[in-house]
Amino acid sequence: MENDYAELLPRVCAVLGDSRKSVVDDTCLEKLLDCFQAITGNEAELCILQKIPCLINIVNASKQKDLNPSILSFIMRLTGLLAASEDHFCKLENIKSSSIGFNGAEKAVRKRKNTQQADGIMNSLFGNPANLEAEAWKDATVRCGWLLGIQNMLHHEALIHFLCKHDCISEIIWLQKDPSIFVSSTASQLLANILSFTLQHSEFASLKTSSKIEVTDAVGTVTQLDSTVWSECVCAITEHIDEFLRSKITSNIQQSLKLLLKISVTCSAVCFSSLWLKIEGSMKSLLNGDLTTIGQPLAELLLNVSRNTRCEVLHSKTWELLCLLLSSLNQAEALPLASGILKLQNWYECLAAPLNAFFYSPQLLRMQALATMIQPLNYIFNVTSAQPKDAAVVLDEGTNHRVDLEQHLSKKSTCISLTCQTLSHLFEFLKMPSQVKDLPYQALLNSVLTILQLCIGTAVPATSAGIKIGRHLIGCIKVQRAGIDVIGAIVQWTGEVKEVENALNLLLDYVRNPDTDCTVLKKTLQALLQWMLRCIKVADSPVFENKLQEFIHGDFISIIKKRLFDVHWEIRDSTIEFLGELCFQFKEIQSFCLLIGTSGLPHLVLELLSDPESYVRASGIISLGKMDYLSPNWQTLSNEKNFMEEKGIILSSLLDILNQDTEGFPRRAVVKVFADWAKNSHKLSSCELADVVPVVLKVGVYDLDWEVKMYSLELAEAFIDGSPFKSINPYTEALPNNTRSTQVRCFLQNLCDTGIFDILFHALWDCDRPVAQKACKILMKLKTTASCADSIENVKNLNGYKPNSGSFHSWLSHNHLNLKNVEDVMEVLITLDLEYQHQHLTCSSDHIETSLRSLLQDILAAAENSEENDADCY
């Protein structure tokens, strides 16, 4: 405990313990608890009570009448922190609630133990809520503080004995039904933690979790721990769980399932397996009843046990329960469960295990889950498509769909909801490469394509049921978005040319369709890019390349041109983003570069730089920057000679936007494009960079938008790293000192001539912290470079100079330092304490005000102000 704030604690304790004084808000109390938690955590082996004896005064304040509920809750939680070690717990248990200070407590220890404990602090606060005032206990803050105080002490077995002795477990169980959601959830979590802690400190916990549990028969039964070995605490909680599971009362069952879910997270596999044996019969009986309200929490529990509890015997039991539950739920309820089963990370460990080790086969469960998830797609495809069913059916003919599936798909609302859920779960599943190796991709793709065709009316259903589903889905944006996501995710798993052709044509139909929603079109273009890339990424497959060439030379260019000037700015923005990314990805394919060069698309992009919508202008600038990667291939095109001659026009247009555009997005895009060109050195020669970059930086660094300033500094860094004079580190370290020094001076002089240092030192004092940090990092790198030159004589009284934004330029003027002169710049770089400046910028703006001392001062100030505010205003 540091003296600078330890001296304030007695006064703060007096304020907190005085019911007549108004206390600061709960936020300060929470911060104070965090500080005490850090202190007790760092000094667990020390006697905190001896170092902070005044804290006992706060604890004693709990006996006062009319105490603020927030203060009483704070006292309970603080007491829990102080009693986190068994030694401190016993001392507090023996301190009478009327004792003042720790010295009085030492004297009290000599008295009879029973008398002490009957009136002790721990008993008065936690022994029985009846010890507290009835009005105080009615406040949810106090009840929550009581629970959290016990939670803070849950580090030793002395607490468990205390809870059993005072029958606190029954009170915690009762609080699970508290009307306050904070109290009820805290009580449930506390029960889970108590049970886990107690089990893991029992004799049964001596079995290591990595050890295999003893199996006594072919089915696989865990050697059960006799209940007499369990503590009274564990028995009470277990009996409560089992009783509620058998109660036939929905709320009780849900409460027990939630509690078991929390226990499965906190408890070890061995201990949880023993607990499971106690309630296994009750769990099975639940599956024979109504699952309408308990199906979801039951599924969540079983999945969590399968994910987190690595125990073969326990798995064999959960496989069975999962299979039974999966078959008992209706289609809509079974979908998330099937998805969760398929996402289990330890599937292949289970599949590789001997089958006789399981009562219920995991392979069967996986097949059942897969069938459940894709049944709706299979059904829609079968009632819509006129193709032979054996050509693209998802499931085997012998697999029967659920009875309620047709009923769900016959109504518009449930049809859309079920289709969206199915597609969403499939999309999430496809993003797990290790889990989806055995999916029927061709059948899935055909099914999703059919659904998307129904949405825009290009599919002709073959049955009356298909016609009805088509009426439900046509024009449905939700289904279109979900379906396009799946099409984009499944591309990596397809390998047939016909599949690629079907997907490309369907996606182009969506781009062509004037009724396509803006958000759907954006997703469609993203998926279209993935499918086009698929054609060039397939190794040694000229068939795919030919198919892509045929696709691009069809209606593709004309459709993209039309969308570039759509009436909706969102569509223009999405289209131009797609075009830029497409050009960047296909920059190595000469035929595509020539096609873009002769298509007139570059000129259209230039026109969009004057679009009335700033997002479109920004996307046009970025797209133009990416499209320029294709320009080397256009030099052979005589009809594109004019565009090659427009380099100057493009540069001037970008500079005009940077100077004149009133929106931040286009200005950011301009600087990003120049930074990209400077990093890749393909657009501008070194001479052109030296001419253009200073102009961009002088405008960008003085911009009002902090992101424009950040991108400008990235441009400056790229220019510095790409400078032809930057050939000094690390390859010149072996050169003579005079040669290396000459190169350093040439490099720095080049930067001085371009005005880089004026820009960097201006940014160093920028009001936006990220900008100043970036400038400081660049200057620190340049300082390291400058140190490679011959040492120069610095002004002695400038070492470790710590200027600020107001004094820096006057300091330069006073010492006759010019940032255009390389010697002066080297002196400034070496003199300035840039490391201190960087450390200062790294600190948060409130690093001084977040100390414990400041917090204590705030509490005292609030108490003093409250007394002034209590004055009679009349």
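**Notes on the predicted model**

1. Arg 572 counts as buried, because its relative accessibility is 10% and the cut-off for burial is under 20%. This should be read with the reminder that the model is a predicted one. The residue is placed in helix 33, which covers residues 569-585.

2. What surrounds Arg 572, once its neighbours within four places in sequence are left aside? Its contacts are Arg 563, Leu 564, Phe 565, Asp 566 and Val 567, together with Asp 611, Glu 613 and Val 616. For one of these residues, Asp 566, the backbone oxygen lies 2.9 Å from a polar atom of the Arg 572 side chain.

3. The largest nonpolar core has 262 residues, and those with the most contacts inside this core are Met 283, Met 532, Phe 556 and Phe 757. Helix 31, spanning residues 518-537, gives the most to the core, contributing 11 residues. As background, nonpolar side chains in soluble globular proteins tend to be buried together.

4. At what angle do helix 23 and helix 27 pack? Helix 23 (residues 362-384) and helix 27 (residues 441-456) pack at about 65°, and their axes are 9 Å apart. The two helices are therefore roughly perpendicular to each other, since angles of 65 to 115 degrees are classed in that way. In the contact, helix 23 supplies Ile 374, Leu 377, Ile 380, Phe 381 and Thr 384, while helix 27 supplies Leu 444, Asn 446, Ser 447, Val 448, Thr 450, Ile 451 and Leu 454. Helix 23 passes helix 27 in a left-handed crossing.

5. Helix 23 also packs with helix 28 (residues 464-473), at an angle of about 115° and with the axes 7 Å apart. This crossing, too, is left-handed. Here Tyr 379, Ile 380, Val 383 and Thr 384 of helix 23 meet Ala 465, Gly 466 and Ile 469 of helix 28.

6. For the chain overall, the secondary structure comes to 48 helices and zero strands, and 53% of the 874 residues count as buried. Among contacts between residues at least 6 apart in sequence, 74% join residues at least 24 apart.

Methods:
Residues are numbered from 1 along each chain as its sequence is written. This is a predicted model: local features need pLDDT of at least 70, side-chain atom pairs count only at pLDDT 80 or more; totals for chains, interfaces and linings use all residues. Side-chain values use heavy atoms; hydrogens and water are left out. A nonpolar core is a set of buried Ala, Val, Leu, Ile, Met, Phe, Trp, Tyr and Cys residues joined through side-chain atoms within 4.5 Å. Buried means under 20% relative accessible area, exposed over 50%, partly exposed in between (1.4 Å probe, protein chains only). Helices (H or I, at least four residues) and strands (E, at least two) are DSSP runs, numbered from the N terminus. A polar contact is a pair of N or O atoms within 3.5 Å; within protein, one must be able to donate a hydrogen and the other to accept it, and residues adjacent in sequence count only if both atoms are side-chain atoms. Contact means heavy atoms within 4.5 Å. Axes are lines fitted to C-alpha atoms, for helices over the stretch in contact, and angles run from 0 to 180 degrees between N-to-C directions. Angles under 35 degrees count as roughly parallel, over 145 as roughly antiparallel, 65 to 115 as roughly perpendicular and the rest as oblique. A crossing is left-handed if the near helix is turned anticlockwise from the far one by less than a right angle, and right-handed if clockwise.
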